[in-house]
Amino acid sequence: MENSSDGEGRNLWSEADLEGEEKTCAVCGDRASGYHFHVMTCEGCKGFFRRTVVKGIQFSCPFTQSCPVTKAKRRQCQACRYKKCLTVGMRKDMIMSEDALYARRALRKRKMQKCPPILLADPPEDPGLSPEQEHLIEMLTEAHKKHFDSTFSQFINYQPPVRLGLHNPDIRGSQEASFSSLYLLSAHEDNPEEVLPDVFSLLPLFADLSTFMIQQVIQFAKAIPAFRNLPMDDQISLLKGATLEICQIQFNTVFNEETNTWTCGSHCYTIQDGALAGFQQIYLEPLLKFHISLRKLRLHEAEYVLLQALVLFYPDHVDVTQREEIDRTQEMIALTLKKYIDHWHPWPEGRFLYAKLLLLLTELRTLKVENTRQILHIDDRQNLSSLTPLLSEIIS
């Protein structure tokens, strides 16, 4: 019986298949589909290795260059994943060009039509994510890593903008004014009288931290092509509607469920700090519950970034103009998140994970409304402007 391949070293039947033995990927330990580039691997590692080599991507490990590469963690460090691909013997010289691969597959298809094999391997139970979905995750992950400072190292000497940077008071209420302040990234401290005087209050500190996070969310959104292609007014509407919710999703990545604290660099914040700043239990208790619930789901980085994008592209804001386009983008993100969960959290682990995330997003929207109400109430009660212009504009 003639051996057959899909063009890049994958055996369509083998001794392992005949004996009913399940092989594992030499890179991540997932179920292997055959030999790819000289090594028994899964479809995911095969595609990752091929894309990395063809595109000439250079990765760098932010840790100790010894990150674990498993089915659950293989996306967390691409540098260590690629390094392991090479370590286990995957060969770059076996990667065929797109033209050669297409010709090889066409030839194989013609042969099978003339003389189909007696025994073929069972088709994979889960075809995995499509190339478009893989690309979406990679793009969002890159944007997140580039614009979210999880160590909060840049916040140490952070000085938020204290002015809108607009010199014409007649246009401060216009969309142009909103856009300018939302996209402002440098401080304007030419008027010392505008600096907040109450340096001992936790509210100004939280306002500065929120502004720091808001600016990162803006940059994250601007790194997404589907967002950049929208009209300016729609960009502003989406940012105003989603930024505070995205900040909470990002804060969850630094939440410690054992101590119920948020680790922001060298500082840890508790729910009691929120109470000292003037927030009420009607907001703080559900907020803590939300973070505990979300953290317990043990989301991957890809799921966190997809959640952020899902919240950003919310088509139901009353003042968006490109509603259908935003809806299509949100649907694509939602389908990708569902597919990722189905693939990486098999039953029974991921049985209700997607549904739980949707419920938490509903809670998050309610929390945002209450958060905004309490911020405005506290600021008004103190009879001084504890809010930065950017935060004021977001919650307006």
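Is Phe 212 buried or exposed? Phe 212 is buried, because its relative accessible area is 4%. Here, buried means under 20% relative accessible area, exposed means over 50%, and partly exposed lies in between (1.4 Å probe, protein chains only).

This is a predicted model, so local features need pLDDT of at least 70 and side-chain atom pairs count only at pLDDT 80 or more, while totals for chains, interfaces and linings use all residues. Residues are numbered from 1 along each chain as its sequence is written, and side-chain values use heavy atoms, with hydrogens and water left out.

## The whole chain

The chain has 15 helices and five strands. Both are DSSP runs, numbered from the N terminus: helices are H or I with at least four residues, strands are E with at least two. Of the 396 residues in the chain, 46% are buried. The chain exposes about 21,300 Å². Carbon and sulfur atoms supply 53% of that area. Accessible areas come from the Shrake-Rupley method with a 1.4 Å probe; for residues, only the protein chains shown count as cover.

A contact means heavy atoms within 4.5 Å. Take the contacts in the chain with a separation of 6 or more: residues 24 or more positions apart account for 72% of them.

## Two cores

A nonpolar core is a set of buried Ala, Val, Leu, Ile, Met, Phe, Trp, Tyr and Cys residues joined through side-chain atoms within 4.5 Å. The largest one has 79 residues. Among those with the most contacts inside it are Leu 140, Phe 152 and Leu 312. Helix H7 (residues 202-222) gives the largest share of this core, 11 residues. Another core lies apart from it and has 19 residues, including Cys 28, Cys 77, Tyr 82 and Met 90.

## Aromatic rings

A pair of aromatic rings is described by the distance of the centres and the angle of the planes. Rings of Phe, Tyr and Trp (its six-membered ring) pair if their centres lie within 6.5 Å; planes under 30 degrees apart count as stacked, over 60 as edge-to-face and the rest as tilted. The structure holds 11 aromatic pairs. Two of them involve Phe 152.

| Pair | Type | Centre to centre | Between planes |
|---|---|---|---|
| Phe 148 and Phe 152 | edge-to-face | 6.3 Å | 85° |
| Phe 152 and Phe 212 | tilted | 6.2 Å | 45° |

Why does the pair of Phe 152 and Phe 212 tie together parts that are 60 residues apart in sequence? Phe 152 lies in the loop between helix H5 (131-147) and helix H6 (175-182), while Phe 212 lies in helix H7, so the pair joins those parts. Phe 148 counts as buried because its relative accessibility is 9%. Phe 152 is buried too, with a relative accessible area of 2%. Ring pairs link Phe 148, Phe 152, Phe 212 and Phe 251 into a cluster.

## Helix H5

H5 has 17 residues. Its first and last C-alpha atoms are 24 Å apart, close to the 24 Å expected at 1.5 Å a residue. The expected span is 1.5 Å times one less than the number of residues. The buried residues of H5 include Gln 133, Leu 136, Leu 140 and His 147. They pack against helix H2 (43-55), H7, helix H8 (225-228), H9, helix H12 (301-312) and helix H13 (323-344).

Glu 134 also sits in H5. Glu 134 is buried, because its relative accessible area is 12%. Beyond its neighbours within four places in sequence, Glu 134 is in contact with Arg 51, Arg 75 and Leu 129.

H9 (residues 232-252) has 21 residues and should span 30 Å; its end C-alpha atoms are 29 Å apart, which agrees. H9 has a kink of about 50°, centred on Ala 242. The bend at a residue is the angle between axes fitted to the seven residues ending there and the seven starting there. H9 is mostly covered, with 18 of its 21 residues buried.

H12 is mostly covered as well: 11 of its 12 residues are buried. Among them are Glu 303, Tyr 304, Gln 308 and Leu 312. Leaving aside neighbours within four places in sequence, Leu 312 is in contact with Ala 242, Ile 246 and Phe 227, among others.

## A partly exposed lysine

Lys 83 lies in helix H3 (residues 78-87). Lys 83 counts as partly exposed because its relative accessibility is 44%. Ser 66 is 17 residues from Lys 83 along the chain, and their C-alpha atoms are separated by 9.4 Å.
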